[in-house]
Amino acid sequence: MSLKYLKDGFDIHGGAVELQFPHHENELAQSEAYTGRSPFVRYWLHGGVVFVDGKKMAKSLGNFIPPRQLVETYGLDPVRYFMLRELPFGSDGDFSHRAVVSRLNGDLANDFGNLAQRVLVMIHRDCAARLPEPETFAE
């Protein structure tokens, strides 16, 4: 399949750290032996395992959540924010819809919402409700 879509190799190949041995090592050996190209994969990225409500996410378990579905439900930027905050690269992470809503409400709605409100009040109070014209920076 990889030869059909990616031709002669991968720049980046990734997966869960649990697949590093033996799956990825065997895949690499077989691909390089078949194609004669070495390295067949330039960079390997192995992240942690994602859990959904405490159970390992897997298509075979029926708890796989397609990223597109998350984006349609929450929006692209909120999903990116949640993933960066809750699923750190290289570590295991636990996903739940409750966790997404909690993180978004806690950080984005409360923390950033409060910051935006304070900035708007300051602009209204101290700048006659208008953004000041940018000035050149002087040392």
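The secondary structure of the chain comprises 5 helices and 5 strands, where helices (H or I, at least four residues) and strands (E, at least two) are DSSP runs numbered from the N terminus. Read from the N terminus, the elements follow the order α-β-α-β-β-β-α-α-β-α. The model is predicted, so that local features require pLDDT of at least 70 and side-chain atom pairs pLDDT 80 or more, whereas totals for chains, interfaces and linings use all residues. Residues are numbered from 1 along each chain as its sequence is written, and side-chain values use heavy atoms, with hydrogens and water left out.

Along the principal axes, the C-alpha atoms fill a box of roughly 70 × 45 × 25 Å. Buried residues (under 20% relative accessible area, 1.4 Å probe, protein chains only) account for 22% of the 139 residues.

The largest pocket holds about 790 Å³ of space. A pocket is an open set of points on a 1 Å grid over the protein atoms alone, where a 1.4 Å probe fits, with protein on both sides within 12 Å along at least five of seven lines; lining residues have an atom within 4 Å of a point. The volume is the space filled by probe spheres set on the points, which are joined across faces, edges and corners. Of its 29 lining residues, Ala16, Gly48, Val49, Val50 and Met57 are the closest to the centre of the largest pocket. Two or more lining residues come from each of β1 (10–16), β2 (41–47), α3 (67–74), α4 (76–86) and β5 (93–95).

Notes: Buried means under 20% relative accessible area, exposed over 50%, partly exposed in between (1.4 Å probe, protein chains only).
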